Amino acid sequence: MSDGKIKTTAFIPVFRDKLDQLRNELKSEYKRARSERRRELMKKLAREAKDLKKLLDQADEQVEVKTCPNCGHRV
């Protein structure tokens, strides 16, 4: 049934915003002292960010996003 393709790309900007929020939250958690960090939260955020990144990379492959040939960033 599922061939691994994303059926709609309409929500991709929403997922990108969510990924940015997760990254910012992880950065703010790393700014805390090591003894005050919430390890379970950090693991959960990292896992969710990794899954979203995989999804976005897969969507970029399907949509054929234009990237800079030198640095690889989106154009």
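Is Cys68 buried, partly exposed or exposed? Cys68 is partly exposed, with a relative accessible area of 22%. The views below come from a predicted model.

View 1. Along the principal axes, the C-alpha atoms fill a box of roughly 45 × 40 × 15 Å. Buried residues account for 19% of the 75 residues. Take the contacts between residues at least 6 apart in sequence: 55% of them join residues at least 24 apart.

**View 2. Helix α1 runs from residue 12 to residue 30.** This helix has 19 residues. From first C-alpha to last, α1 reaches 27 Å, close to the 27 Å expected at 1.5 Å a residue. Its buried residues are Ile12, Arg16, Leu19, Leu22, Leu26 and Glu29. Seen down the axis of α1, these buried residues fall within an arc of 145 degrees, so they line one face of the helix. They pack against α2. The face turned away from the buried side carries Val14, Gln21 and Lys27, which are exposed.

**View 3. Helix α2 covers residues 39–63.** At 1.5 Å a residue, the 25 residues of α2 should span 36 Å. The end C-alpha atoms of α2 are 36 Å apart, which agrees. Met42, Leu45, Ala49, Leu52, Leu56, Ala59 and Asp60 are the buried residues here. They pack against α1. After α2 comes Glu64, with a positive phi near 60 degrees.

**View 4. The largest nonpolar core is made up of ten residues.** Ile12, Leu19, Leu22 and Leu26 are among them. Which helix gives the largest share? The answer is α2, with six residues. Look next at Ile12. Setting aside neighbours within four places in sequence, Ile12 is in contact with Leu56 and Ala59.

**View 5. Phe15 is a residue of helix α1.** Phe15 is partly exposed, at a relative accessible area of 29%. Which residues does Phe15 touch, not counting those up to four places away in sequence? They are Leu52, Leu55 and Leu56. Phe15 and Ala49 are 34 residues apart in sequence. In space, their C-alpha atoms are 9.9 Å apart.

**View 6. Arg37 sits in the loop between α1 and α2.** Arg37 has a relative accessible area of 28% and is partly exposed. Neighbours within four places in sequence aside, Arg37 is in contact with Glu29, Tyr30, Arg32 and Met42. Of these, Glu29 is one of the buried residues of α1, and Met42 is one of the buried residues of α2. Arg37 and Ala49 are twelve residues apart in sequence and 18 Å apart in space, C-alpha to C-alpha.

**View 7. Arg38 also has its place in the loop between α1 and α2.** Its relative accessibility is 41%, and Arg38 counts as partly exposed. Arg38 touches Glu29 and Arg32, not counting residues up to four places away in sequence. Arg37 is in contact with Glu29 and Arg32 too. Where does Cys68 lie relative to Arg38? The two are 30 residues apart along the chain, and their C-alpha atoms are separated by 37 Å.

**View 8. Cys68 and Cys71 form no disulfide.** The structure holds zero disulfides. A disulfide needs the two sulfur atoms within 2.5 Å. Cys71 is in no disulfide, and its nearest cysteine sulfur is that of Cys68. Cys68 is partly exposed, at 22% relative accessible area. Cys71 is partly exposed as well, with a relative accessible area of 49%.

Note on methods. Residues are numbered from 1 along each chain as its sequence is written. This is a predicted model: local features need pLDDT of at least 70, side-chain atom pairs count only at pLDDT 80 or more; totals for chains, interfaces and linings use all residues. Side-chain values use heavy atoms; hydrogens and water are left out. Helices (H or I, at least four residues) and strands (E, at least two) are DSSP runs, numbered from the N terminus. The expected span of a helix is 1.5 Å times one less than its number of residues. Buried means under 20% relative accessible area, exposed over 50%, partly exposed in between (1.4 Å probe, protein chains only). The arc is that of the directions from the helix axis to the C-beta atoms. Contact means heavy atoms within 4.5 Å. A nonpolar core is a set of buried Ala, Val, Leu, Ile, Met, Phe, Trp, Tyr and Cys residues joined through side-chain atoms within 4.5 Å.
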